[in-house]
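Have a look at it first, then read on.

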Amino acid sequence: MRLSELTKPVQDHAYAFLDEASKRELRRKILKGICIPGYQVPYASREVPMARGWGTGGLQVTLTLVAPHSTVKVIDQGADDSVNAANIRRFIARVAAAKTTTDACEATLIQSRHRIPEERLLEGQVLILQVPEPEPLRGVETSSAAAAELHADADYGMMWLKLYEQMVRYKRIIQGASYPVLVGNRYIMSPSPIPRWDVPMLHQAAHLTILSAGREKRLYCVPPYTEVRPLEFDDVPYQIENVDGMVCFRTGATHKFMNELPQEDGSSLFELSDSGYGEKILTETPLGETYYDSEGRFYHDGYLRQ
Amino acid sequence: MMATSVNDLILEPPRLVKHTPLLTVTNINKQYGQVIALEEVNVELYPREVLGVVGESGSGKSTLLRMLNLEENPDSGAYHLEIPSYQDQNLFELSRFERRQLRVKQIGIVYQNPHLGLRMRNSSSGNVAERLVVAGERNFSRLRAAAKRSLEVSEFPVTRMDDPPKNLSGGMQQRVQLAKAIALKPALLLLDEPTTGLDVSVQALVLDTLRRLQRDLGIAMLVVSHDLGVIRTLSDRVMVMRHGRVVEQGLTDQVLEDPQHPYTQQLVHAKL
């Protein structure tokens with residue numbers, strides 16, 4: 001047998017930008033990540049025509065999973081129309097000939113930075129989150145070798161100590177985004193910098209979530225129907241952002257995650273952070289079910305304690 | 001009535017013979033390259049007893065302590081602790097995970113250098129609470145109350161319980177270490193030169209606390225020190241080490257008043 005028989009013929013063009021070997025490697029790593037929920041799998045992060053830190057990890061996973069029949073939605077901090085989101089969406093459409101959409105219910109692949117859509121994702125949908133810092137222990141353990149050992153032993157005392165310190169110093173937990181969660185009762189995971197509002201959406205979700213950090217070269221997954229619990233003391237319940245009294249000035253929606261727009265007279269206007277959802281309300285497209293109902297109740301009863 | 005003959009007398013065996021030791025270490029050897037750190041060392045520690053280990057620098061005291069704290073394995077030897085679910089188990093054969101479990105619940109340690117035992121930037125109460133968290137406590141107010149109680153017991157000023165150890169004096173840092181060590185009422189407390197580096201008056205206060213704790217909690221302690229004063233104040237029995245061997249052991253008074261081995265004699269008389 002010769003090497004030439006084992007290798008693929010040279011191609012001057014690859015579907016969806018990445019070469020087949022890279023995509024194959026990534027798929028294997030994703031499968032491993034799905035098998036061990038919350039475990040960070042190292043992978044060979046490739047070059048994509050985008051700087052590290054702009055979503056290269058998410059983009060590589062999207063390019064690996066995309067097919068001509070896919071429908072892709074790209075979110076940047078809730079918005080579909082930011083420069084970053086628009087460029088990534090156009091790039092994927094160009095190299096993979098996939099359909100694009102801004103409707104979360106229609107998309108099969110959703111690449112997102114910092115937000116999960118308000119509408120419930122369903123079985124078969126894949127959410128890809130861009131992650132700047134995959135290691136939840138980074139703040140308490142600077143050595144990644146030592147952090148890997150702590151994960152192996154499930155020795156998470158230091159994470160709890162961090163929360164304890166916040167309670168002592170500020171009388172409440174000040175961790176906003178990247179709130180550490182325990183996945184499948186085993187690994188502590190950083191859910192990427194999504195707000196606390198979005199963290200419960202990962203719990204027993206019907207969709208698959210893949211979190212990928214291109215610069216740090218690691219990915220991890222939350223498979224469908226997996227336990228995801230934010231770290232909380234028994235007597236200090238996990239708190240989501242308070243959105244009481246905030247009304248979207250475009251759509252009139254309430255009890256959804258809002259962006260605050262400061263006005264010149266010192267007051268504030270609020271608008272839906274999830275722009276795709278807002279657009280659906282305005283165009284009177286039939287809406288999917290949302291994670292939080294119109295009274296702000298989460299769809300898993302009892303998951304958020306008062 | 002017939003006088004009972006000597007043979008009929010039922011003599012109570014001495015307490016130390018009757019009780020089973022809490023800690024038994026048999027024949028441990030350790031070599032670092034050509035250097036022999038420990039050679040055929042045997043240790044027995046009984047419940048509620050304080051054993052002092054003295055010796056010069058490099059005599060193997062600290063190596064022995066690291067092994068008792070399961071931080072390191074010897075080349076050969078066995079280590080048993082007489083505590084539920086660990087009887088008849090050579091602790092040197094435990095996996096890293098099991099060791100951690102055992103250490104958290106049953107072994108407390110106070111290092112000479114507080115940097116080894118404490119997180120200097122976290123609060124003092126947090127340092128104590130971490131141990132309870134690792135043992136499974138998830139209630140903030142209970143954690144805080146337990147940390148406070150433990151710090152009080154070690155005579156740490158409660159008003160400063162949220163100061164980070166880096167802002168505390170040496171004596172207070174040792175008290176935080178002590179509070180952390182006894183937070184879960186361990187079966188065994190290891191003290192590695194607990195008062196070295198403290199000035200004499202603070203040293204006396206810390207020794208006082210240790211003495212009282214030992215009386216109140218009845219924890220078995222093993223004190224390593226090169227300071228004979230510390231050993232004399234704290235320990236019931238003493239073990240003298242040199243070049244990795246135990247050269248003499250016995251009751252503290254006996255060994256320090258009437259040393260038999262030439263090295264011990266030298267040590268006892270080498271007071272300034």
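## Getting to know chain A

Chain A of this predicted model splits into domain 1 (20-134 + 180-228) and domain 2 (137-177), with bounds that come from an automatic or database domain assignment. Their centres, taken over C-alpha atoms, are 24 Å apart. Nine residues of domain 1 of chain A are in contact with seven of domain 2 of chain A (C-beta atoms, placed from the backbone, within 7 Å).

A quick word on conventions: residues count from 1 along each chain as its sequence is written, while chains are lettered from A and ligands numbered from 1 in the order in which they are written. As the model is predicted, local features need pLDDT of at least 70, side-chain atom pairs count only at pLDDT 80 or more, and totals for chains, interfaces and linings use all residues.

Now for the sheet: it is open, with seven strands of chain A in the order β1-β9-β8-β5-β4-β2-β3 and mixed pairing. Strands here are DSSP runs (E, at least two residues) and helices are too (H or I, at least four), numbered from the N terminus; two strands pair if DSSP finds at least two bridges between them. β1 (41-42) and β3 (99-100) of chain A each have a single partner strand, so one side of each has no neighbour in the sheet.

| Helix | Angle |
|---|---|
| α2(A), residues 20-35 | about 45 degrees with β9(A) |
| α3(A), residues 56-65 | about 155 degrees to β5(A) |

Finally, 13 residues of chain A are in contact with 17 residues of chain B.

Terms used. Two residues are in contact if their C-beta atoms, placed from the backbone, lie within 7 Å. Axes are lines fitted to C-alpha atoms, for helices over the stretch in contact, and angles run from 0 to 180 degrees between N-to-C directions.
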